[in-house]
Structure formats: structure tokens, C-alpha cells
Amino acid sequence: MFGKKRESQEIQEREDGLTDYDVYIMGKGEKLINLVFAAAVLFAVGYVFYHSLILSALLMALAFKWPKIRTRQIIEKRKNQLTLQFKDMLYSLASALSVGKSVESGIGDALKDLQVIYPDPRTDILVEMEYILRGIGMNNTTESMFSQFAERAHLEDIENFVDIFVTCKRTGGDLMEVMRSTSNTIGEKIEVKQEIETTISGRKYEFNFMMALPVIMILFLTVTSGEYMEPVFTQPAGRIAMTAAIGMFGISYLVGSKLMKISV
């Protein structure tokens, strides 16, 4: 049921082809699942640190922050995927232009190539290319259709390409060379990003393990040395120490997450 709701939401969002890639609205089902998941994790962590149902339930209130965090993650992932798809589109379009086809015909050929690469008709670049072709068929200029796409994509690579594309169309520049150089530039940036991801992938695993380690240690000490840990869960000073520990745990997660994001 949740899958159908999400699918209908995506179709409704793209009905006119005007998807804003900086915006993602969760469906009720998807939001509920994320809230339940976050609440369960927070309750478990709270109980390990406090051994109190009331305090653990209060900690669950932070779960309402998770849908916003998850939304940002989805937006970032979707834009990364769009960058890869756009690079493939440029390669196909440059190939069509190299044999002497017009830009409009090249876009149609590029769409056919992309439909082979991405069989899902709801793939972002397929939806965008179809919208661009419809716009051209309604006597809109190619430049205006690509400009609309760039305004909604909010991606530097696409915005740079459109700026150069519009200039070339107006001044009679070499479009084929623009396509080739832009696709090569985007490809190089993606390769650099992948190299960085490979380099820091081990650090990410270490970071995730370090985030889970305090919970594992408290749980281990509770199981093996219950009498030793009892004052921590029953005395005010112990509760304050645990609250400070959770606060430091949260700050470490935020700082670590930002350090793991490297822009190219």
C-alpha cells in the first residue's frame, strides 16, 4: 500500500514535467515508516543509557527530526543520480551531432539511447528529455527548455552546460565540441568523486562503528557488571553523566557526517 502511495505521489509530482530537484515531499506512509524506525532506535538507545521507560520515551521525541534528515539524503542521492544520467545524455547527444544531425534530432536520438540504458520510464533524465521534446514540438526554443531544466536541477554542471549551450546557439559556436568537453569535464569530476569515496570508504565504516561503540560498551557493562553500573542508572549524577554522553554522541555524529562530505 505504501509503495502505491509513493508511486502515485511521484507521478503526480511529475505530471507536468516540472520536478524541482531541491524538493522532495514524503508520502504519509513513507514518513510514518521513517518516524517509527527512528523512534524505535532512539528508544533502544535511551533505554540502554537510562534504563528508564519515561526517559527513553522522552528521547523518542527527537525522531521527528529524522524525516527532514532523510529527505535531505534522498534529495542528495537523486541529484547525484541525475548528474550521472545527464553525463550519459551528453555522450549520446554529442554522438548524434557528430554525424551531422540537428540538436532537435539529436535530442530524440539521445532519448532512445537513454531508454535502453534506463528501462524505467520514470527515470529522471527520461522524463526531462521527453518534456524538452514536447516543449520543442510546441514551438518553444531548445535553449528555453534546457534553461528550465537547469533552473529546477540546481546542479552546477547542468547550469554551466546550459549557459555555454545558449551562448553557442546564439553566436553559432561549435555545439559538438561543447558537448564533448562538457561530458568529459563531468566525467572527470565523477571519477574524482568516486576515487574520494573509495579512499574514505574505510573511514566511513570506522565512523559508523565508533558511533555504535558507546552503546555496545554500555550494554556490555550492564550485562557483565550490573551492580557496578547500577548507580549510573539510579543516581541523579549518573543520569546527568548519561545525558552529557548522549549529547556528545549526537554532536560527534553531526561533525563526523559533515567531515565525510567532500565536495568536488
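A residue is called buried when its relative accessible area is under 20%, exposed when that area is over 50%, and partly exposed in between, with a 1.4 Å probe and protein chains only as cover. The exercises below concern a predicted model, in which local features need pLDDT of at least 70 and side-chain atom pairs count only at pLDDT 80 or more, while totals for chains, interfaces and linings use all residues. Residues are numbered from 1 along each chain as its sequence is written, and side-chain values use heavy atoms, with hydrogens and water left out.

**Exercise 1. Residues of helix α9**

Task: Classify Leu219 and Val215 as buried, partly exposed or exposed, and state in which helix each is placed.

Solution: Begin with the placement, for which helices (H or I, at least four residues) and strands (E, at least two) are taken as DSSP runs and numbered from the N terminus. Leu219 has its place in helix α9, and Val215 is found in helix α9 as well. Next apply the cut-offs: Leu219 has a relative accessible area of 44% and is therefore partly exposed, whereas Val215, with a relative accessible area of 17%, is buried.

**Exercise 2. A nonpolar surface patch**

Task: Find which residues form a nonpolar patch on the surface, and give their accessible area together.

Solution: The areas come from the Shrake-Rupley method with a 1.4 Å probe, and for residues only the protein chains shown count as cover. The patch consists of Phe209, Met210 and Ile216, which together have about 310 Å² of accessible area. Met210 can then be examined by itself: it lies in helix α9, residues 175-224, and because its relative accessibility is 46%, Met210 counts as partly exposed.

**Exercise 3. The second largest pocket**

Task: Describe the volume of the second largest pocket, the residues that line it and the classes to which they belong.

Solution: Grid points are joined across faces, edges and corners, and the volume is the space filled by probe spheres set on the points. The volume of this pocket is about 810 Å³. Its lining holds 21 residues, and Leu42, Trp66, Phe249, Gly250 and Tyr253 are those nearest the centre. Helices α2 (28-50), α4 (66-98), α9 and α11 (236-259) each supply at least two lining residues, and α11 has the largest share, with seven. For the classes, Ala, Val, Leu, Ile, Met, Phe, Trp, Tyr, Cys and Pro count as nonpolar, Asp, Glu, Lys and Arg as charged, and the others, Gly among them, as polar. The lining then divides into 17 nonpolar, three polar and one charged residues.

**Exercise 4. Salt bridges**

Task: State how many salt bridges there are, and decide whether Lys189 and Asp157 are buried or exposed.

Solution: The criterion is a side-chain nitrogen of Lys or Arg within 4 Å of a carboxyl oxygen of Asp or Glu, and by this rule the count is six. One of them joins Lys189 to Asp157, at 3.0 Å from N to O. This pair links distant parts of the chain, since Lys189 is in helix α9 and Asp157 in helix α8 (residues 156-171), 32 residues apart. Both Lys189 and Asp157 are buried. Another salt bridge pairs Asp109 with Lys101, whose closest N and O atoms are 2.3 Å apart; Asp109 is partly exposed at a relative accessible area of 21%, and Lys101 is partly exposed at 38%.

Notes:
Patch = residues over 30% accessible without salt bridge, like charges linked within 9 Å, V, L, I, M, F, W, Y side chains within 5 Å. 1 Å grid on protein atoms, 1.4 Å probe; cavity = no way out; pocket = protein on both sides within 12 Å on 5 of 7 lines; lining within 4 Å.
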